[in-house]
Amino acid sequence: MAILPILEYPDPRLRLRAEPVDAFDDDLARLVDDLCDTLRASKGIGLAAPQAGDRRRVLVMDLSGGAASPDVYINPEIHDPAVPGLVEESCLSVPGVVGNVVRATQLTVCARDRYGAAFERRLEGMHAVCLQHELDHLEGRLFVDRLSIFRRVGVRLGAVARARSRAASI
Ligand code: NI
């Protein structure tokens, strides 16, 4: 059990496509537990393994505000996305940025649990939105990629400025 450091934009590791999990072993169990701990500590609603520098296709979500254990999705795939909507998103890896993104608000997800058992679940509303956001992380995509070109330039300049001011304060 550990709280993992979360990579921040523009770290190039956030751009790598994650690999399917084929070993449902102790090492995977440790990753899942650490992601759940990290999600709780960060008070986010979703976290994908690449945000913690791990390249496995694992994501965790908790829309209960910490009232329940996070949902775990391994090797998730989306089917039947429906009812697109404009949704306000933010991301633990892109601090300080909020933007509107078009997402399906209904979908079916097929995935495996931490023991390797396959399951299928219909998600709606923020559950569906959050799953798409986290699945983007597994593809090396960030929600800011889905913003307008003008917003993307602003996000990039903001990240560069933050990195410079950190460097200057050493
Ligand atoms: Ni994110």
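Colleague: Why is F150 called exposed?

Modeller: Exposed means over 50% relative accessible area, buried under 20%, partly exposed in between (1.4 Å probe, protein chains only). F150 has 72% relative accessibility, so F150 counts as exposed. F150 lies in helix α3, residues 149–168. Helices here are DSSP runs of H or I, at least four residues, and strands are runs of E, at least two, numbered from the N terminus.

Colleague: What kind of model is this?

Modeller: This is a predicted model: local features need pLDDT of at least 70, side-chain atom pairs count only at pLDDT 80 or more, and totals for chains, interfaces and linings use all residues. Residues are numbered from 1 along each chain as its sequence is written, and side-chain values use heavy atoms, without hydrogens and water.

Colleague: Why does S148 count as partly exposed?

Modeller: S148 has 39% relative accessibility, so S148 counts as partly exposed. S148 is in the loop between α2 and α3. S148 and V101 are 47 residues apart in sequence and 9.5 Å apart in space, C-alpha to C-alpha.

Colleague: What makes up the lining of the largest pocket, by class?

Modeller: The lining has six nonpolar, six polar and three charged residues. Ala, Val, Leu, Ile, Met, Phe, Trp, Tyr, Cys and Pro count as nonpolar, Asp, Glu, Lys and Arg as charged, and the others, Gly among them, as polar.

Colleague: Which element supplies the largest share of that lining?

Modeller: Helix α2 does, with six residues. β3 (71–89) and α2 (125–138) each supply at least two residues.
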